[in-house]
Amino acid sequence: WLLVSPVAASLTFQSPNALRAHNMVIPLVIISAYGFYNLVLIAKKVLSKNLLLIAYCLLLIAITWNVSYFLHQYFVHYPKAYPEAWEYGIKDLVDYLKPIKGNYDKIYITEKYDQPYIIFLFYLKYPPQKFQEEAVLTARDKFGFSTVRDFDNFHFENIDWNKLRSQKDILVCGTDEEIPENVNIIKTLYFRNGEPVFQCAITKEKDSL
């Protein structure tokens with residue numbers, strides 16, 4: 001089981017990948033548990049009761065520290081150090097756009113953060129039947145992946161402001177790298193670490209002073 005588990009993941013381009021390694025969890029747990037059980041049996045034979053008690057205490061401390069370290073890294077450090085991996089900001093963006101989306105013929109959303117259309121569908125509670133009627137998959141890329149560019153009045157693509165600036169009064173939501181400073185930015189959303197995640201701007205540049 002352990003030897004076969006990595007085969008499927010090894011055929012993809014995103015390797016190593018924790019999600020694709022899930023099949024390895026069960027055999028690793030079984031092997032680790034078997035090793036730990038036998039280690040305890042050996043320790044009982046060669047150690048005195050006092051040394052065995054000390055060994056158990058040290059083991060308990062080590063396990064507690066490792067679990068605490070993991071929980072801290074996962075729930076405290078990781079979200080702040082790599083907020084884009086948690087897709088932070090997209091729910092806030094959906095909440096912001098939902099009541100105003102009818103004011104614009106088209107709303108452009110950057111694809112800087114994975115495939116946001118999927119998360120938009122979830123938080124908008126968009127009817128699946130309606131989406132299936134609207135959705136058109138793009139051509140597959142060199143890795144075999146395709147995506148959806150449009151549904152409702154949303155368009156999902158990396159932002160090129162120079163191409164969009166000629167279109168008047170459309171709403172563009174991109175990263176601070178994609179949105180110039182001298183344009184009409186109406187909303188900025190932030191990661192939990194204080195860095196900007198989305199800037200929403202209307203394609204009508206501010207009058208020069």
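The accessible surface of the protein chain comes to about 14,700 Å², and 60% of that area belongs to carbon and sulfur atoms; such areas come from the Shrake-Rupley method with a 1.4 Å probe, and for residues only the protein chains shown count as cover. This is a predicted model, in which local features need pLDDT of at least 70 and side-chain atom pairs count only at pLDDT 80 or more, while totals for chains, interfaces and linings use all residues. Residues are numbered from 1 along each chain as its sequence is written, and side-chain values use heavy atoms, with hydrogens and water left out.

**The chain as a whole**

Of the 209 residues in the protein chain, 27% are buried, a word that here means under 20% relative accessible area, whereas exposed means over 50% and partly exposed lies in between (1.4 Å probe, protein chains only). Along the principal axes, the C-alpha atoms fill a box of roughly 85 × 40 × 30 Å. Among the contacts with a separation of 6 or more, 57% come from residues 24 or more positions apart, where contact means heavy atoms within 4.5 Å.

**Sheet and strands**

The protein chain holds seven helices and six strands, which are DSSP runs numbered from the N terminus (helices are H or I with at least four residues, strands are E with at least two). The six strands form an open sheet of mixed pairing, in the order β2-β3-β1-β4-β6-β5; two strands pair if DSSP finds at least two bridges between them. At the edges stand β2 (150-151) and β5 (184-190), each of which pairs on one side only.

Strands β1 (residues 107-109) and β4 (residues 171-174) pair in the parallel sense over three bridges, and the bridge partner of I109 in β4 is C173. By contrast, β5 and β6 run antiparallel and are joined by six bridges, with N184 standing opposite I202 in β6. The hairpin of β5 and β6 has five residues between the strands, and G194 in this hairpin takes a positive phi near 90°.

| Residue | Relative accessible area | State |
|---|---|---|
| C57 | 42% | partly exposed |
| C173 | 0% | buried |
| Q199 | 13% | buried |

Q199 has its place in strand β6 (residues 196-202). Leaving aside neighbours within four places in sequence, Q199 is in contact with several residues, including V172, C173, G174, I185 and K187. As for the cysteines, a search of the whole structure finds zero disulfides, a disulfide being a pair of cysteine sulfur atoms within 2.5 Å.

**Helix α5**

Helix α5 (residues 116-124) lies across β1, β2 and β3 (154-156), and runs at about 150° to β3; the axes are lines fitted to C-alpha atoms, for helices over the stretch in contact, and angles run from 0 to 180 degrees between N-to-C directions. Within α5, the residues P116, Y117, I119, F120, L121 and L124 are buried. The buried residues of α5 pack against α4 (90-97), β1, α6 (128-134), β2 and β3. Just after α5, K125 takes a positive phi of about 55°.
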